Amino acid sequence: MPDEPARGSEEIPLPREVGGIALLYVEDEADARVMVAKMLSMNYPHLTIYHADNGATGLELYRQRRPDIVMTDINMPVMDGIRMSREIKSLNPEVHIIAVTAHSDTSYLLNAIEIGVHNYVLKPLNYQELFGVIDKVLEQVALKRLVGEQNQRILESEKQLAGSQRIAHLGSWEWHVDCGTMKWSDELYRICGLEPGSLTPDYQRFLELFAVEDRPVIERLMHDALKGEAEEDHRFCRVLRPDGSRRIVRVEADLLTEERGLKATVIGTCHDVTELKEAEEQVRLLTEDLERRVIQRTSLLQATVSELESFSYFVSHDLRAPVARLEGYCKALLEDCGDEGQGNCRQYAERAEHVAQQIKQIIDAFNSLTHYARCALAIGETNLSAVVREVAQELQQDDLQRRVEVLVAPGIRVRGDAELLRTAVSELLKNAWKFTSKTEYARIEFGRREQEGVSVYFVKDNGAGFNMKYADKLFKPFQTIHTPGEFDWNGTGIGLAKVHSIILRHGGRVWAEGEVGYGATFSFTLEPNPETGNYLTEGLSSLEQRG
Amino acid sequence: MAESYILLVEDNPDDAFLASRIIRKVCPDEILVARDGEEATELLQRMARDGSYHRIRFMLLDLKLPKINGLDLLLWIRKNDQLQKLDVAILTSSDNEMDQERCFELEVLDYLYKPMTADMLQRLLRHREEG
């Protein structure tokens with residue numbers, strides 16, 4: 001309908017359709033009362049109608065029902081309409097009263113106006129006139145109700161906003177640039193240690209909330225915002241409370257309207273992040289402390305490693321020379337005492353030479369072991385399955401009589417130093433190969449299993465096995481838990497010690513399980529992403545740089 | 001004056017004794033022993049002056065020596081106009097791979113581990129003759 005004026009989203013309903021409104025009709029003449037009540041309910045089907053026959057009963061009914069509108073005759077027995085209206089008005093000044101009056105009631109009417117009865121209809125009743133007055137009153141009631149509801153909603157949302165600000169420790173403010181006045185939310189006052197509303201906020205007072213050294217920062221932020229240059233930027237500033245304590249706040253500002261300069265309004269927030277910042281600071285301090293300790297311990301370890309290095313240098317060079325000398329004399333002795341030397345001379349010379357050889361082997365083994373602790377790792381992807389297959393092939397080539405079933409789980413790829421891992425895997429396989437030499441159907445299995453979220457790699461055999469009480473001896477150098485001659489022993493006694501060193505260098509763990517006669521399983525884990533190089537020998541610079 | 005010499009540069013008397021014993025079994029040459037790098041340098045300089053350095057068949061050089069070590073001595077020899085072609089074999093108890101690499105760069109005949117045996121020396125001589 002083109003003639004109808006545009007309405008807001010809150011449409012005001014037609015008075016006759018408004019529900020939830022009640023009307024009290026007080027009239028002492030029974031016929032008129034019934035008739036009028038009937039007409040009213042026909043014309044206003046949504047209106048709740050109560051009726052009473054005099055002022056006293058009317059007042060009682062009003063107390064019970066609290067209707068919005070009271071329509072009353074004036075001249076009535078027991079209590080007249082004017083007295084009743086006065087009583088009702090004192091109960092609720094907002095109530096709408098319509099007086100139904102005869103011309104003779106003029107003196108009463110003047111009283112009625114005084115009381116606040118603003119509407120009247122004349123007797124004898126003209127229904128058109130009556131409905132006109134009721135329509136007007138209903139419209140007022142509906143409008144008042146709407147305004148009341150909206151007010152309520154505004155109050156509620158303000159309450160909610162204030163509550164949220166309080167919970168979040170988020171204060172807000174508004175700066176009217178032209179007059180320099182400001183509005184601060186209650187929470188802003190509280191953040192700053194002030195009683196809400198305890199002062200008249202303005203720009204200067206706002207600045208003074210902050211620590212002196214932070215005020216230029218705030219001024220800068222405010223003026224950037226005013227120029228429309230605030231790039232969703234925030235500042236952390238210190239607020240100085242009257243009690244001397246400090247809070248750390250995150251301040252943000254933004255231009256409210258497009259209008260810049262004097263007429264503009266800048267709005268912003270002030271978020272108390274003291275606890276957050278303190279926690280952050282604590283984390284930073286802890287991290288720093290941790291880093292310092294890492295550096296300290298690393299340098300301790302480095303000192304140990306460098307001692308180990310000079311020790312192994314000593315072993316490898318200084319000890320080697322006299323051993324070689326000893327061996328030289330043994331050889332000389334052997335040569336010179338001839339085939340038929342005195343007594344057991346020749347045999348002794350031979351054995352002494354053998355001992356010198358053993359010492360040399362031990363020195364070599366020692367060097368090879370310390371090498372794994374000192375060398376730099378070259379980390380890359382290694383296909384362990386492929387390595388195992390190659391090593392198994394080599395073992396078969398060197399020992400063609402043996403029939404060993406080798407089962408390799410395919411596609412096991414890990415990150416690590418390819419050469420070192422090959423050495424480790426090869427030692428484990430050699431070990432399995434050796435200890436299945438007396439097993440009829442020898443079987444060696446390589447695979448991976450998941451154990452508590454960690455990949456565990458294993459080499460399992462059905463060979464001689466071992467007694468678990470010797471399990472911790474297995475990985476120590478030069479230890480053997482089998483009786484001499486029980487198995488062909490041609491190694492240096494450091495195979496498993498090498499495995500141990502290499503796995504350790506890869507941040508992993510190695511262990512063995514077995515039972516005599518039922519084979520052994522060697523398992524190991526690896527750090528998923530081991531570090532390249534060797535931080536123990538490369539100095540701390542790389543660590544520090546990372547910090 | 002002997003026909004030819006074998007120069008043994010060795011500081012340890014036991015090692016010098018053991019090496020000399022083997023050399024005497026295999027070679028007829030006279031053995032000259034220098035007890036450190038400096039002594040060896042002085043001897044070689046003297047022999048370079050009087051021309052007798054030609055008669056050194058080869059030199060057995062220990063690496064770990066007092067004063068001037070074996071590697072520096074070898075370097076000095078390779079830079080000396082007269083001596084640079086001198087045949088040198090290393091005789092050491094060290095298994096340092098870096099040393100070994102460096103020595104082969106400086107064109108040594110061989111790198112022998114102590115104790116030297118007659119077999120080892122004979123192999124060295126054969127190798128030297130074959131060039």
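**Local geometry, sheet and interface**

Biologist: Where does Pro124(A) lie?

Modeller: Helices (H or I, at least four residues) and strands (E, at least two) are DSSP runs numbered from the N terminus. In chain A, Pro124(A) falls in the loop between strand 5 and helix 5.

Biologist: Which atoms do the side-chain values use?

Modeller: This is a predicted model, in which local features need pLDDT of at least 70, side-chain atom pairs count only at pLDDT 80 or more, and totals for chains, interfaces and linings use all residues.

Biologist: Is the peptide bond from Lys123(A) to Pro124(A) cis or trans?

Modeller: Most peptide bonds are trans. In chain B, the bond from Lys114(B) to Pro115(B) is cis, with omega near 0 degrees, and Pro115(B) is placed in the loop between strand 5 (111–113) and helix 5 (118–130) of that chain. From Lys123(A) to Pro124(A), omega is near -5 degrees, and the bond is cis.

Biologist: With which residue does Lys123(A) form a salt bridge?

Modeller: A salt bridge requires a side-chain nitrogen of Lys or Arg within 4 Å of a carboxyl oxygen of Asp or Glu. For Lys123(A), the closest N and O atoms are 2.9 Å apart, and the partner is Asp73(A). The pair links distant parts of the chain, 50 residues apart: Lys123(A) is in the loop between strand 5 (119–122) and helix 5 (127–168), and strand 3 (residues 69–73) holds Asp73(A).

Biologist: In what order do the five strands of the open sheet in chain A run?

Modeller: Two strands pair if DSSP finds at least two bridges between them. The pairing in this open sheet is antiparallel, and the order is 7-6-10-9-8.

Biologist: Which residue in strand 9 of chain A stands opposite Arg235(A)?

Modeller: Strand 8 and strand 9 (residues 246–255) of chain A pair in the antiparallel sense over seven bridges. Opposite Arg235(A), strand 9 of chain A places Val251(A).

Biologist: Which three residues supply 39% of the area that chain A buries against chain B?

Modeller: Buried area is the accessible area (1.4 Å probe) that two parts lose on being put together, summed over both. Chain A and chain B bury about 1,300 Å² between them, with 51% of it on carbon and sulfur atoms. The three residues of chain A that supply 39% of its buried area, more than any other three, are His317(A), Arg325(A) and Tyr329(A).

Biologist: How many residues of chain B are in contact with chain A?

Modeller: Contact means heavy atoms within 4.5 Å. On the side of chain A the number is 16, and on the side of chain B it is likewise 16.

Biologist: Which helix of chain A gives the most residues to the side that touches chain B?

Modeller: The rule finds four salt bridges across this interface, and one joins the side chains of Arg21(B) and Asp336(A) (2.8 Å, N to O). The elements of chain A that give two or more residues to this side are helix 9 (274–336) and helix 10 (345–374). With 14 residues, the element of chain A that gives the most is helix 9.

Definitions and conventions: Residues numbered from 1 in each chain as written. Chains lettered and ligands numbered in written order. Heavy atoms only, no water.
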